[in-house]
Amino acid sequence: RDLTPGATYFFTVTLRDRRASTLATHVDLLMDAFAATKQQRQFRTIAMVVLPDHLHALWRMPDDDADYPSRWRSIKSGFVRRLRKRDPGHGFDRDGRPQIWQARYWEHRIRDDRDLQAHVDYIHYNPVKHGHAASPGAWPYSTFGAWVRAGRLPGDWGAGVVEASGRFGE
């Protein structure tokens, strides 16, 4: 793994069962786990999308810190704890061990502004790519709306566009 303090990273994190809809169904629990982790170990989310079975995120790490693996462990375990409280049987084996997340995740250190923009576009277009929405603005679990409100993207961006190209860890 590339562990560069202060770097920006793109991540793909997936459920073990790629047919599940656990993340979108329980997005509030996932966001609570993110918030709790961020309180303890800062990072900046540049862009993110949560789909039913996976998520993509772009993080900028603090200047003196590159420990994103512990943050992902915290988010994943925090989500599992919260899910267990809400739905004790969902995503656990017969012995009560969590079977929710894939053990690994994809990470890529962003090289330059062009690489960053390509990954932001990929994140925001991903719900359309997977058939969950007709346009990026129609998917509720994304930073797309924040980018539009900040004037960084037009509201109709990605409507009727051919999907972003590239290898992004799915």
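Which residues does L30 touch, not counting residues up to four places away in sequence? The list runs L23, V50, L55, I75, F79 and W101, where touching, or contact, means heavy atoms within 4.5 Å.

Before going further, a word on what you're looking at. This is a predicted model, so local features need pLDDT of at least 70 and side-chain atom pairs count only at pLDDT 80 or more, while totals for chains, interfaces and linings use all residues. Residues are numbered from 1 along each chain as its sequence is written, and side-chain values use heavy atoms, with hydrogens and water left out.

Let's start with the layout. Along the sequence the pattern reads β-α-α-β-β-α-β-α-α, which comes to 5 helices and 4 strands. Helices (H or I, at least four residues) and strands (E, at least two) are DSSP runs, numbered from the N terminus. The C-alpha atoms fill a box of roughly 45 × 40 × 25 Å along the principal axes. Among contacts between residues at least 6 apart in sequence, 70% join residues at least 24 apart.

Now for the inside. Buried residues make up 46% of the 170, with buried meaning under 20% relative accessible area, exposed over 50%, and partly exposed in between (1.4 Å probe, protein chains only). A nonpolar core is a set of buried Ala, Val, Leu, Ile, Met, Phe, Trp, Tyr and Cys residues joined through side-chain atoms within 4.5 Å. The largest such core has 28 residues, and L30 is among those with the most contacts inside it, along with F34, W59, W72, F79 and W101. Two or more residues come from each of β1 (8-14), α2 (27-40), β2 (44-50), β3 (54-60) and α3 (68-86). The helix α3 gives the most, with 6 residues.

Apart from that core lies another, of 16 residues, including I46, L58, I110 and L116. I110 is worth a stop: you'll find I110 in the loop between β4 (106-109) and α4 (113-129), yet the residue is buried, with a relative accessible area of 10%. Leaving aside neighbours within four places in sequence, I110 is in contact with T8, Y9, F10, L58, D115, L116 and H119. As for D156, I110 lies 46 residues from it in sequence and 26 Å from it in space, C-alpha to C-alpha.
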